[in-house]
Amino acid sequence: MLRIKKFPNTFTILFFLISFFAMLTYILPAGKYTREMNEQLGREVPLPGSYHVIESSPQGFFDTLMAPISGFYDPVSGVIGAIDVSLFVLMVGGFLGIVTKTGAIDTGIARIMVRLKGREIYMIPILMTLFALGGTSYGMAEESLAFYGLLIPIFMTARFDPLVAVAVIFVGTGVGTLGSTINPFGTVIASNAASVDFLSGVELRFVILAVALVVGCGYVMRYARKIQNNPDASLLAHLRHDHEAHFLGDKDATDNLPVLTASQKGVLILFILTFSIMIYGVSVLGWWMAEMATLFIFMGILCGIVGRLKEDDLINSFVAGAADLIGVALIVGVARGIVVVMEAGNITDTILNFAEGIVAGKSSVLFINTVYWIEMLLSFIVPSTSGLAVMSMPILAPLGDFANTGRELVVTAFMSGIGTILFITPTYGVLMGGLAIARIPYITWLKFIAPLVAFFVVLNCVVLSIGVTL
């Protein structure tokens, strides 16, 4: 039996796809749609049935090598590609690096737990809401790995098992991704690739976020109450002694918890204020990537000053935070290289014409649900949210024009799809890393999470179906 020892890296997949589409420019006929301005959408859209074949322009070896660079900016015309998005990602990373260095978020969560001693069950909805806010606002993912070591001993002291701690963190951030509202690494990049304002369709994503969070909290609390009353009901009962020895030992998990200082409280206020200003700037002042990047630089410095970081600590934490996201920033440009090859080879409209034939006559409900399932499947191949957004949105979003479906709804289907599959995909490093820290077998996690994932699938299909009928 063939076994895959290692799944290809995201960059490997993207470079392969660039080469693949470059070869297609030699095989597929070049073609174009006639486009006209759609006043309602505020942009030119292809006219159904207007596709016509034009002279082919196959992309050669050097063109293919140049595509990732051209993904950032056109070296001939100087037109901006993904360079502004990549710089924005780096600035957000620097901002998060400074906030993390102040210890404000870690300490804030620890102090909440102290106040809830004796009522530990209520830690679950409070913390899951906080993690969901992190997921929906800035795409909290890798950053959450730092919380496992802090929360697992505390939850075990409250007579829960490590699975509850993992669920609080991972389901919390996962629900935030599922209902991404202003997530810069998901919703913003996907909306940019789809040529729509990222606040378009935010109401529907709020509905998904709210319902998924309420049900997710109830699901985790139900399991937590069950094992608190009967420890043998835990899915990890056979590992209890090993977990207690590893995570607790002879130390009380609530010992030596730090105090939330006045400066850290100030950082938390600035953290919330930053995203509030970003929303106002985009929706009212017409901001986009440059202005938002500037905001995160300024607020990052301000958080460092309020958090009383020394000059070197502030700068080094900003650089380290940006460095953590350099891969994401590069993926955005490299992924756009696929679009560069397709557009230069004039096969984008050819593929759209083929897809138009598939969706022709299909209802909007069927179309949007098809997009949702396609994105779930693609997430196994390209586990990077930003990479998949830039790769798939330029193809799938224009299909919404043919299916009488708003592109913002296609973006919502994208985020819902990738947000659903991350709960179970073994190619997702954050999931597998969290399970490894908590010493939870992957199959045990699947047994726990499967019913909740099934609910999320039904929820997304229903909400998306209602969305296209409004």
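**Helix packing and selected residues in the predicted model**

The axes of H8 and H18 cross at roughly 145° and come within 10 Å of each other, and in this crossing H8 passes H18 in a right-handed manner. On the H8 side the contact involves Gly-186, Thr-187, Ala-190 and Ser-191, which meet Val-411, Phe-414 and Met-415 of H18. The residues of this contact comprise four nonpolar and three polar ones, with no charged residue among them.

Taken as a whole, the protein contains 20 helices and four strands. Of its 470 residues, 54% count as buried, and the protein exposes about 20,900 Å², of which 64% is supplied by carbon and sulfur atoms. Among the contacts with a sequence separation of 6 or more, 79% are accounted for by residues 24 or more positions apart.

Two further helix pairs share H7. Two packed helices are described by the angle between their axes and by the distance between the axes. Helix H7, which spans residues 162-178, packs with helix H20, residues 442-469, at an angle of about 20° and with the axes 12 Å apart. Since an angle under 35 degrees counts as roughly parallel, H7 and H20 are therefore roughly parallel to each other, and their crossing is right-handed. In this contact, Leu-163, Val-166, Ala-167, Phe-170, Val-171, Val-175 and Leu-178 of H7 meet Trp-445, Phe-448, Ile-449, Leu-452, Phe-456 and Asn-460 of H20. The residues of the contact divide into 12 nonpolar and one polar, and no charged residue takes part.

The packing of H7 with helix H9, residues 202-229, has an angle of about 170° and an axis separation of 9 Å. Because an angle over 145 degrees counts as roughly antiparallel, H7 and H9 are described as roughly antiparallel to each other. The H7 residues Leu-163, Val-164, Ala-167, Val-168, Val-175, Gly-176 and Leu-178 meet Ile-208, Leu-209, Ala-212, Leu-213, Val-220, Tyr-223, Ala-224 and Ile-227 in H9. The residues of this contact are divided into 14 nonpolar and one polar, again without a charged residue. Leu-163, for instance, is listed in the contact of H7 with H20 and also in that of H7 with H9.

The loop between H7 and helix H8 (184-193) holds Ser-180, a residue that is buried, because its relative accessible area is 0% and buried means under 20%. When neighbours within four places in sequence are left aside, Ser-180 is in contact with Gly-135, Thr-136, Thr-187, Arg-205 and Met-415.

Phe-72 lies in helix H2, residues 61-72, and is buried, with a relative accessible area of 16%. Phe-72 and Ile-83 are 11 residues apart in sequence, and their C-alpha atoms are 4.5 Å apart in space. Residues up to four places away in sequence not being counted, Phe-72 touches Ile-80, Gly-81, Ala-82, Ile-83, Ser-86, Ala-329, Leu-330, Gly-333 and Val-334. Val-85 is found in helix H3, residues 83-102, and counts as buried at 2% relative accessibility. Between Val-85 and Trp-288 there are 9.5 Å from C-alpha to C-alpha, although the two are 203 residues apart in sequence. With residues up to four places away again not counted, Val-85 touches Ile-189, Asn-192, Met-289 and Val-332.

Backbone geometry was also examined at two asparagines. Most residues other than glycine have a negative phi. Asn-346, in the loop between helix H14 (326-344) and helix H15 (348-359), has a positive phi near 55°. Asn-404, in the loop between helix H17 (385-402) and helix H18 (407-421), likewise has a positive phi, of about 55°, although it is not a glycine. As to accessibility, Asn-346 counts as buried at 15% relative accessibility, whereas Asn-404 is exposed, with a relative accessible area of 68%.

Key. Residues numbered from 1 in each chain as written. Predicted model: local features only at pLDDT ≥ 70, side-chain atom pairs only at ≥ 80, totals over all residues. Heavy atoms only, no water. Buried < 20%, exposed > 50% of the residue type's maximum accessible area, 1.4 Å probe, protein only. Contact = heavy atoms within 4.5 Å. Areas by Shrake-Rupley, 256 points an atom, 1.4 Å probe, with all protein chains shown as cover. Axes fitted to C-alpha atoms, helices over the stretch in contact; angles between N-to-C directions. Parallel < 35°, antiparallel > 145°, perpendicular 65-115°, else oblique. Left-handed = near helix turned anticlockwise from the far one by under 90°. Nonpolar A, V, L, I, M, F, W, Y, C, P; charged D, E, K, R; others polar.
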